[in-house]
Amino acid sequence: MIVYDEKDIVRSYTEAKNKKLQVKILAELNATDPEEIIGVLQRNGVMASDKPKNNDVVVEVKDETKKAIPLAVIEAITIHKKQLEKDKKIMESQINELDRFLKSVVCE
């Protein structure tokens, strides 16, 4: 049974210095278990879910933990990377043109 409004739970959690302890406190104040509070926080985008959604990709990051990343984020990163690679080729071409020009210039 949740007594507090979800906005109040989110606000209380985000303002707390000790988030883990705040989840327990909110659970006690709302006469529920911490998992219910965590569910409220996840629904409101304050706390990431450990479970991947249907269109999420599970990736292993440097610290060897696994995190679910939405497929849309992966696609956006891929598109951005391709654009950067295209921009890099253009810049390298411009640098080469400038180098050729500078080599052809005679300084007096």
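Mentor: Start with a cut-off: exposed means over 50% relative accessible area, buried means under 20%, and partly exposed lies in between. Keep in mind that this is a predicted model.

Trainee: What makes Glu 15 count as exposed?

Mentor: Its relative accessibility is 58%. The cut-off is over 50%. So Glu 15 counts as exposed.

Trainee: Why is Arg 11 called partly exposed?

Mentor: Arg 11 has a relative accessible area of 42%. That falls between the limits of 20% and 50%, so Arg 11 is partly exposed. Asp 8, at 32%, is partly exposed too.

Trainee: How do you know that Glu 15 and Arg 11 meet in a salt bridge?

Mentor: Their side chains come to 3.6 Å, N to O. The limit is 4 Å, from a side-chain nitrogen of Lys or Arg to a carboxyl oxygen of Asp or Glu. The pair passes.

Trainee: What about Asp 8 and Arg 11?

Mentor: N to O is 3.8 Å. That is within 4 Å, so this is a salt bridge as well.

Trainee: What makes the contact of Glu 85 with Lys 81 a salt bridge?

Mentor: The closest N and O atoms are 3.1 Å apart, and the limit is 4 Å. The two residues sit four apart in helix α4 (residues 71-104), about one helical turn. Glu 85 is partly exposed, at 38%.

Trainee: Which residues do shared partners join into one network?

Mentor: Asp 8, Arg 11 and Glu 15. The structure holds four salt bridges.

Trainee: How do you know that Asn 30 is buried?

Mentor: Its relative accessible area is 0%. Buried means under 20%, so Asn 30 is buried. Its place is in the loop between α2 (19-29) and α3 (34-43).

Trainee: What makes up the largest nonpolar core?

Mentor: Nine residues, including Ile 9, Tyr 13, Leu 26 and Val 40. Membership requires buried residues joined through side-chain atoms within 4.5 Å. α1, α2 and α3 each supply at least two residues of this core. Ile 9 also touches Asn 30, Ile 37 and Leu 41, among others.

Trainee: Where do the buried residues of α3 pack?

Mentor: Against α1 (6-15) and α2. Those buried residues are Ile 37, Gly 39, Val 40 and Leu 41.

Trainee: How do you know that Lys 19 lies over the face of Tyr 13?

Mentor: Lys 19 is at 5.4 Å from the ring centre. The distance limit is 6 Å, with an angle test besides.

Trainee: How many aromatic pairs are there?

Mentor: Zero, from a search of the whole structure.

Conventions
Residues numbered from 1 in each chain as written. Predicted model: local features only at pLDDT ≥ 70, side-chain atom pairs only at ≥ 80, totals over all residues. Heavy atoms only, no water. Buried < 20%, exposed > 50% of the residue type's maximum accessible area, 1.4 Å probe, protein only. Phe/Tyr/Trp six-rings, centres within 6.5 Å; stacked < 30°, edge-to-face > 60°. Lys NZ or Arg CZ within 6 Å of the ring centre and 35° of its normal. Contact = heavy atoms within 4.5 Å. Lists of a residue's contacts leave out its neighbours within four places in sequence.
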